Amino acid sequence: ISKKLTKSTLHCIFSLSMTYQSSDSKKEEFRKYLEKSSVIDALTKVLVTLYEEPERPDKPVEFIKKALGGHSQSDFEQLKKENEELRAQVAELKAKLAQVGSADDAPA
């Protein structure tokens, strides 16, 4: 093995070193961003809450979503059903209104 390093080998080593450093600095920058924006604290609190649950939830992701203030899949399904019912009710009321409107237009 030659002890002489060629320019291309040095360039390759330098590039790898810079990539490693920039990757580490990007990770550190991202970690600081998460910390500054309280994401780490919020996730820690939610995970502690999950850990302290006496009964493990069947759907831990749903538990975490709800703990963070989001809607769970069951909430979504319930809202979707309610939306469909309200749309049907609106259509029914529009039909009644049209009947009343046409009755008003009829000669007396």
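Student: Why does Arg31 count as partly exposed?
Tutor: Arg31 has 34% relative accessibility. Buried means under 20% relative accessible area, exposed means over 50%, and partly exposed is what lies in between (1.4 Å probe, protein chains only). The value of 34% falls in between, so Arg31 is partly exposed. One caution on sources: this is a predicted model, with local features needing pLDDT of at least 70 and side-chain atom pairs counting only at pLDDT 80 or more, while totals for chains, interfaces and linings use all residues. Residues are numbered from 1 along each chain as its sequence is written, and side-chain values use heavy atoms, with hydrogens and water left out.

Student: What makes the contact of Arg31 and Glu28 a salt bridge?
Tutor: The N to O distance is 2.5 Å. A salt bridge asks for a side-chain nitrogen of Lys or Arg within 4 Å of a carboxyl oxygen of Asp or Glu, so this pair passes. Both residues lie in helix 1, three residues apart, about one turn of the helix. Glu28 is partly exposed, at 33% relative accessibility.

Student: How do you know that Glu28, Arg31 and Glu35 are linked in a network?
Tutor: Arg31 has a salt bridge with Glu28, and the side chains of Arg31 and Glu35 meet in one too, at 2.7 Å, N to O. Together, Glu28, Arg31 and Glu35 form a network of salt bridges. Arg31 and Glu35 are four residues apart in helix 1, which means about one helical turn between them. Glu35 is partly exposed, at 48% relative accessible area.

Student: What makes Lys66 and Asp75 count as a salt bridge?
Tutor: Their closest N and O atoms are 3.7 Å apart, and that distance is within the cut-off, so the pair counts. The total by this rule is three salt bridges.

Student: Then why does Glu62 have no salt bridge?
Tutor: Its nearest side chain of opposite charge, Lys65, is 4.1 Å away. Lys and Arg count as positive, Asp and Glu as negative, with His and the chain ends not counted. The distance of 4.1 Å is not within the cut-off, so Glu62 is left without a salt bridge. Glu62 is buried and sits in helix 3 (residues 60–67). Leaving aside neighbours within four places in sequence, Glu62 is in contact (heavy atoms within 4.5 Å) with Ser72 and Gln73.

Student: Why is the pair of Phe30 and Tyr33 called tilted?
Tutor: That is the one aromatic pair in the structure. The ring centres are 5.9 Å apart and the planes are at 35°. Rings of Phe, Tyr and Trp (its six-membered ring) pair if their centres lie within 6.5 Å; planes under 30 degrees apart count as stacked, over 60 as edge-to-face and the rest as tilted. The angle of 35° belongs with the rest, so the pair is tilted. Phe30 and Tyr33 are three residues apart in helix 1 (residues 7–36), about one helical turn.

Student: And what makes Phe30 partly exposed and Tyr33 exposed?
Tutor: Phe30 has 49% relative accessibility, so Phe30 counts as partly exposed. Tyr33 has 52%, so Tyr33 counts as exposed.

Student: What elements does the chain have?
Tutor: There are four helices and zero strands. Helices (H or I, at least four residues) and strands (E, at least two) are DSSP runs, numbered from the N terminus.
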